[in-house]
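I set down what I looked up in the order in which I looked.

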Protein chains: 2
Amino acid sequence: MSTTRVTIKDVAARAGVSKGAVSLAFNHKPGLSDATRERIFGAARELGWAPHPTARSLAGARVDVVGLAVCRPARLLGLEPFYMEFVSGVESVLIEHSCALLLRLVRSAEEEVGLQESWWRARQVGGAILVDFRADDPRVGVVRRLGLPVVAVGHPSLTGGLTSVWTDDAGAVTEAVRYLAGLGHRRIARVGGVAALTALRTAAFGAAARALGPAGARQLATDWSGEAGARATRSLLTGAAQDRPTAIVYDNDVMAVAGLAVAAELGLAVPADVSVLAWDDSELCRITYPTLSAMSHDVHGFGADAARTLFGVITGEGSGSHPVPAPVLTPRGSTGPPGA
Amino acid sequence: MSTTRVTIKDVAARAGVSKGAVSLAFNHKPGLSDATRERIFGAARELGWAPHPTARSLAGARVDVVGLAVCRPARLLGLEPFYMEFVSGVESVLIEHSCALLLRLVRSAEEEVGLQESWWRARQVGGAILVDFRADDPRVGVVRRLGLPVVAVGHPSLTGGLTSVWTDDAGAVTEAVRYLAGLGHRRIARVGGVAALTALRTAAFGAAARALGPAGARQLATDWSGEAGARATRSLLTGAAQDRPTAIVYDNDVMAVAGLAVAAELGLAVPADVSVLAWDDSELCRITYPTLSAMSHDVHGFGADAARTLFGVITGEGSGSHPVPAPVLTPRGSTGPPGA
């Protein structure tokens, strides 16, 4: 069934307008009357013509869709502020480019590899944002082979030379431990996220806390949910008093909010009995009582940086490794000297 | 430039495989060796062929992308748990259909109208989820004219006969007021969301609260952010004691968390001095101290219902108006009799 291809020229001829007018109509630009637009869409419908998304990208170097696959249970995505803030930052840049985000949950890194390949082969996306890098990430090789424009959100030690944006999490963990040690804490615990995705933080915390003595290095992994954070906090705070940490660092802020509540429920004062240090510092940290001290990370800005860097890769104007400002300490009401 | 159209047959011939094999490769199905897949992709590249996303949808009645436009500042999207939970519910159904969500922020309802039309005309989506309905919504007419398969998330009084999923917010507001009145409260205030999008709740609260006497009907509109919720709470609780509400209903749970903190900051006990009732009941309500009583709404399930209903519309198996279970009262620690 070799057919003659219907082109934009045929649509323009049938509608009695220029090719430019057809393009205006399909790109939803102003300058056409409703009647003309209707006639153009009618002609396209009759001829079975639609602009190929890629044809547009190739012609105008304009990308109108970028992809993001997230390997995480659907339920958790809704509970953890990080992704929504990150996505909101990405969207704040996409909107300037009239670009949409193609968002898909996947069950494994392998599924993501297949998906990114299909999206790119079928020209459904003009580029992709890759997140949640692990050691020996299978995406690195595939992306190179495909020539898919991407920005990798992850530390250069994991992203294999892809253009990346990343935060110095290890340095920030070390700063957090030093801050608490400076207040006089010697038993500092960490309630971390998913182990495989926070290995750099775990190593840095271990190193910094070991410097304080053997009691300082307790770390528990969670799934980042508030409920897991509450369970971990309860297990840390209900041990023998001489083992109980006097300060806890959390890998996000939902878990820190849960930690505050567990302390209150156990009758422990914050920060006199236990200091609580959150991570990321979304709005939540400013609406609790006491307000939460946090390692502040502009997650919205991080998402925006990732999107901007991706557009640089797509237009050939950018590449390399882009560290964004590391999380910085914002002391508020939930941290203080032990026993104060 | 009338060219002979390259078809899947040409790609198959060049790669020395069947059309079915080309289809397997591009749909990323198993059953081909890596070498064969590479040869197929190579042939497609040389001939400049890619499967048209729509060709697939039309042929297999398979939709692999659905659209969602949200008219909200990027920053707010990241702060309010509702959307992320809703999206996570949508994704939980899309993943079963190997379908992605095309997410775009827009600045106005008019921009959304144009976007939905472009997406549909260019066959970038097989259907759309429409949210945030207002009175005289401009999307209703356009969707009908286009024949775009949609599910409208909103009350039938606003969605103009489009297939819809909705919750009985008015009934739930009335239940909330009756519950607090039953505890003995006579001065009940509401900290609401954006006025134009919560008109049904505002009317229902006004009617229910007026029944309690003139003092009962105080309502403040916000942008749904925790900070706006804190400001509204402060303004309600710092008035003259005889005017101060003894119970506050919030339109989401972030604002209720903020309300708890403002009460603590003002030295008011919850619930003895003021009862706090949250809405939606995300995980946040269970990780505060006291835990937050809430009108519980399964937002994740609501998103899943919306996606399922959309697939029904796309396959022609479903239409009509689908009420989902209304929010129900979950009493926890933050509500009680006034002065108790």
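The entries below concern a predicted model and go from the sheets to the helices.

**Entry 1**

I began with the strand order of the open sheet of 12 strands, which I read as 11(A)-5(A)-4(A)-3(A)-1(A)-2(A)-2(B)-1(B)-3(B)-4(B)-5(B)-11(B). The pairing in this sheet is mixed. I then asked which strands stand at the edges. They are strand 11 (321-323) of chain A and strand 11 (321-323) of chain B; each has a single partner strand, so one side of each is left without a neighbour in the sheet. From one strand to the next, I noted an average twist of 25 degrees.

S164(A) has S321(A), in strand 11 of chain A, as its bridge partner.

Next I examined what helix 6 (residues 81-94) of chain A does here, and found that it packs on the sheet. In chain A the helix touches strand 1 (65-71), strand 2 (100-106), strand 3 (128-130) and strand 4 (150-153), and in chain B it touches strand 2 (100-106). The direction of helix 6 makes about 155 degrees with that of strand 2 of chain A.

**Entry 2: strand 10 of chain A**

I asked whether the faces of strand 10 (residues 293-296) of chain A are covered or open, and both are covered. S293(A) and M295(A) are buried on one side, A294(A) and S296(A) on the other. In a regular strand, side chains alternate between the two faces of the sheet.

I also traced the partners of this strand. Strand 9 (residues 275-280) of chain A runs parallel to strand 10 of chain A, with 4 bridges between them, and A278(A) stands opposite A294(A). Strand 12 (residues 328-330) of chain A is antiparallel to strand 10 of chain A and is joined to it by 3 bridges; here S296(A) stands opposite V328(A).

**Entry 3: the sheet of chain B**

In chain B I read an open sheet of 6 strands in the order 7-6-8-9-10-12, again with mixed pairing. Strand 7 (219-221) and strand 12 (328-330) of chain B are its edge strands, each pairing on one side only. The twist averages 20 degrees from one strand to the next. Strand 6 (residues 188-192) and strand 7 of chain B are parallel over 3 bridges, with V191(B) opposite L220(B).

I found helix 12 (residues 253-265) of chain B packed on this sheet, in contact with strand 6, strand 8 (247-250) and strand 9 (275-280) of chain B. Its direction makes about 160 degrees with that of strand 9 of chain B.

**Entry 4: helix 9 of chain B**

I checked the span of helix 9 (residues 169-182) of chain B: its 14 residues reach 20 Å from first C-alpha to last, close to the 20 Å expected. Its buried residues include V173(B), V177(B) and L180(B). The buried residues of the helix pack against elements of chain B, among them helix 10 (199-210), strand 8 and strand 9. After the helix comes G184(B), with a positive phi near 115 degrees.

**Entry 5: G303(A)**

Lastly I located G303(A) in helix 13 (residues 299-314) of chain A. Its relative accessibility is 0%, so G303(A) counts as buried. Leaving out residues up to four places away in sequence, I list F86(A), G89(A) and V90(A) as its contacts.

Methods. Residues numbered from 1 in each chain as written. Chains lettered and ligands numbered in written order. Predicted model: local features only at pLDDT ≥ 70, side-chain atom pairs only at ≥ 80, totals over all residues. Heavy atoms only, no water. Pairing = 2+ DSSP bridges. Helix = DSSP H or I, 4+ residues; strand = E, 2+ residues; numbered from the N terminus. Axes fitted to C-alpha atoms, helices over the stretch in contact; angles between N-to-C directions. Contact = heavy atoms within 4.5 Å. Buried < 20%, exposed > 50% of the residue type's maximum accessible area, 1.4 Å probe, protein only. Expected span 1.5 Å × (residues − 1).
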